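Visitor: I have a structure to go through and would like a quick tour. Can we take it piece by piece?

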Amino acid sequence: IKASKTYFIVRVADNSIDPVTVINVFKLTSEKETRSVTIATAKMTSGTRAGNIDFLKFNGKKYGVNSYLLELENLESGEYAMTLAGHREIFNMFGVK
C-alpha cells in the first residue's frame with residue numbers, strides 16, 4: 001500500500017534557505033520492537049565504510065514565517081524519521097500503513 005501524497009508542516013528557525021539543506025527524511029528498518037538506520041558498516045577484512053542513508057525526495061515550500069510545507073509522494077508502508085539541521089540526533093518518527 002502506498003500513500004499517494006503525505007504532507008507535513010515543519011517549523012524551523014529560518015525558512016529562507018532550501019529546505020533540503022535543513023530537513024532529512026528517511027525510512028527506518030523495523031525489527032520487532034526496534035527501529036534503526038545504518039550509518040556505517042565495518043568488516044574485519046575490508047575496514048569501515050560510511051553508510052549511505054537513502055534520504056527521501058520531497059517538495060518543500062515556505063509556509064508562514066518559520067515553517068515549510070513538505071510534500072512526499074508514494075510512501076510505502078513502514079516507519080520513517082525526519083531530522084532537522086542542528087538536531088540530527090533527534091528523530092521525529094512517523095508511520096505509514
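Predicted model: local features only at pLDDT ≥ 70, side-chain atom pairs only at ≥ 80, totals over all residues.

Visitor: How many helices and strands does the protein chain have?

Guide: The protein chain has 0 helices and 10 strands. Along the sequence the pattern reads β-β-β-β-β-β-β-β-β-β.

Visitor: What share of the residues is buried?

Guide: Buried residues account for 25% of the 97 residues in the protein chain. The chain exposes about 7,000 Å², and carbon and sulfur atoms supply 54% of that area.

Visitor: And the contacts, what percentage join residues at least 24 apart?

Guide: Counting contacts between residues at least 6 apart in sequence, 64% join residues at least 24 apart.

Visitor: On to the open sheet. What is the strand order?

Guide: The open sheet has 3 strands in the order S2-S9-S10, and the pairing is antiparallel. S2 and S10 are the edge strands, each pairing on one side only. From one strand to the next the twist averages 25°.

Visitor: How many bridges join S2 to S9, and how many join S9 to S10?

Guide: S2 and S9 are joined by 5 bridges, and S9 and S10 by 6.

Visitor: What sits between S9 and S10?

Guide: The two strands form a hairpin with 2 residues between them. In that turn, Gly-86 has a positive phi of about 85°.

Visitor: Change of topic: the largest nonpolar core. Which residues touch the most other members?

Guide: That core has 14 residues, and Ile-23, Val-25, Leu-70, Met-82 and Phe-94 touch the most other members. Two or more residues come from each of strand S2 (23-27), strand S8 (67-76), strand S9 (78-84) and strand S10 (87-96). S8 gives the most to this core, with 4 residues.

Visitor: Take Phe-94. What does Phe-94 touch?

Guide: Setting aside residues up to four places away in sequence, Phe-94 touches Phe-8, Val-25, Leu-75, Gly-78, Glu-79, Tyr-80, Ala-81 and Met-82. Val-25 and Met-82 are also among the core residues that touch the most other members.

Visitor: Back to S8 for a moment. Is Ser-67 buried or exposed?

Guide: Ser-67 has a relative accessible area of 9%, under the 20% cut-off, so Ser-67 is buried. Ser-67 is in strand S8.

Visitor: What is Ser-67 in contact with?

Guide: Leaving out neighbours within four places in sequence, Ser-67 is in contact with Ile-9, Val-10, Arg-11, Val-12, Asn-15, Lys-61 and Lys-62.

Visitor: How many salt bridges does the structure hold?

Guide: The structure holds 2 salt bridges. In one of them the side chains of Lys-5 and Glu-71 meet, at 3.6 Å from N to O. Lys-5 lies in strand S1 (residues 2-11) and Glu-71 in strand S8, so this pair ties together parts that are 66 residues apart in sequence.

Visitor: Are Lys-5 and Glu-71 buried or partly exposed?

Guide: Lys-5 is partly exposed, with a relative accessible area of 43%. Glu-71 counts as buried because its relative accessibility is 16%, and the cut-off for buried is under 20%.

Visitor: Which side chains meet at 3.5 Å?

Guide: Those of Lys-27 and Glu-76 meet in a salt bridge, 3.5 Å from N to O. This pair links distant parts of the chain, with Lys-27 in strand S2 and Glu-76 in strand S8, 49 residues apart.

Visitor: How accessible are Lys-27 and Glu-76?

Guide: Lys-27 counts as partly exposed at 33% relative accessibility. Glu-76 counts as partly exposed at 41%.

Technical notes. Residues numbered from 1 in each chain as written. Heavy atoms only, no water. Core = buried A, V, L, I, M, F, W, Y, C linked by side-chain atoms within 4.5 Å. Buried < 20%, exposed > 50% of the residue type's maximum accessible area, 1.4 Å probe, protein only. Contact = heavy atoms within 4.5 Å. Salt bridge = Lys/Arg side-chain N within 4 Å of Asp/Glu carboxyl O. Pairing = 2+ DSSP bridges. Axes fitted to C-alpha atoms, helices over the stretch in contact; angles between N-to-C directions. Areas by Shrake-Rupley, 256 points an atom, 1.4 Å probe, with all protein chains shown as cover.
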